[in-house]
Amino acid sequence: MIRKVFKKKPSGGNKIDAFLEKYNLPKAYLAVNRRMITRGVAVGLFWGFIPMPMQMLAVMATTPFFRFNVPIAISMVWLSNPITMPPMYYIEYLTGNFLLGREGIADIELTMSWFTEHFDEILVPLYVGTSFYSIVVTGIIYVVLNRLWVNSVHSEKKERKHSRKKKESRKKSNTPKV
């Protein structure tokens with residue numbers, strides 16, 4: 001089920017192969033299998049949770065160290081987009097305060113002047129919360145997605161086996177007896 005979503009072949013596959021050959025890129029960066037997809041999601045989410053500029057470049061800098069589906073990772077980075085950033089980073093800030101046992105700042109304003117005035121007070125709790133989400137939550141999502149993929153493969157195998165048995169039983173019942 002989940003696997004079928006990623007297994008769909010894009011039209012124009014020869015163009016993709018030509019692009020990979022032209023720039024001498026490994027085909028693994030576009031591979032559609034359990035390991036590559038789940039790693040791509042994990043790498044993209046890891047960098048997406050971190051408040052920093054140019055997260056997509058961080059994903060690209062990670063490619064020599066881990067093999068993963070790069071387009072999936074880059075799309076996962078966009079979890080933190082201009083619309084989701086403020087609530088996401090606020091939750092990370094609150095989580096960091098909780099983990100550090102701090103009260104935090106009560107009257108938060110979404111202005112640049114307020115942010116620059118309180119930068120020192122915000123930085124540590126924000127990055128503690130960010131570390132929690134980047135490491136722990138991404139790890140949990142990786143394990144869950146991996147498990148869903150494996151369960152999907154097993155259920156597909158069971159369905160195929162069940163349909164084969166049905167076909168065989170129909171053939172046996174339809175054959176004339178001598």
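Are Phe49 and Tyr133 buried or exposed? Both of them are buried, and we'll come back to that pair once we've had a look around. Keep in mind along the way that what you see above is a predicted model.

Let's start with the big picture. Now look at the overall outline. The C-alpha atoms fill a box of roughly 95 × 45 × 25 Å along the principal axes. The radius of gyration is 24 Å, while a compact globule of 178 residues would have one near 16 Å.

What about inside and outside? Of the 178 residues, 30% count as buried. The protein exposes about 12,600 Å², and carbon and sulfur atoms supply 65% of that area. Among contacts with a separation of 6 or more, 70% are between residues 24 or more positions apart. As for charges, there are 26 positive and 12 negative ones, and their mean positions are 29 Å apart.

Now back to the rings. A pair of aromatic rings is described by the distance of the centres and the angle of the planes. The protein has four aromatic pairs. One of them joins Phe49 and Tyr133, with 5.8 Å from centre to centre and 35° between the planes, which makes the pair tilted. Phe49 lies in helix α3 (residues 34-49) and Tyr133 in helix α8 (residues 119-174), so this pair ties together parts that are 84 residues apart in sequence.

Tyr133 has another ring partner, Phe132. Here the centres are 5.2 Å apart and the planes sit at 85°, so this pair is edge-to-face. How accessible is Phe132? Its relative accessible area is 30%, so Phe132 is partly exposed. Tyr133, at 17% relative accessibility, counts as buried because the cut-off for that is under 20%.

Helix α8 is also where you'll find Arg147. With a relative accessible area of 46%, Arg147 is partly exposed. If you'd like a sense of distance, pick out Glu21 as well: Arg147 and Glu21 are 126 residues apart along the chain, and their C-alpha atoms are separated by 33 Å.

Next, follow the chain to Met54. What is the phi of Met54 near? The answer is 55°, a positive value in a residue other than glycine. That's worth a second look, because most residues other than glycine have a negative phi. Met54 is exposed, at 59% relative accessibility.

Our last stop is Ala58, in helix α4. Is Ala58 buried or exposed? At 9% relative accessibility, Ala58 counts as buried. Which residues does Ala58 touch, if you leave out those up to four places away in sequence? They are Trp47 and Met52. Trp47 is 11 residues from Ala58 along the chain, and the C-alpha atoms of these two residues are separated by 7.0 Å.

Notes
Residues numbered from 1 in each chain as written. Predicted model: local features only at pLDDT ≥ 70, side-chain atom pairs only at ≥ 80, totals over all residues. Heavy atoms only, no water. Rg over C-alpha atoms; globule rule 2.2 N^0.38 Å. Buried < 20%, exposed > 50% of the residue type's maximum accessible area, 1.4 Å probe, protein only. Contact = heavy atoms within 4.5 Å. Areas by Shrake-Rupley, 256 points an atom, 1.4 Å probe, with all protein chains shown as cover. Lys, Arg positive; Asp, Glu negative; His and termini not counted. Charge placed at Lys NZ, Arg CZ, Asp CG, Glu CD. Phe/Tyr/Trp six-rings, centres within 6.5 Å; stacked < 30°, edge-to-face > 60°. Helix = DSSP H or I, 4+ residues; strand = E, 2+ residues; numbered from the N terminus.
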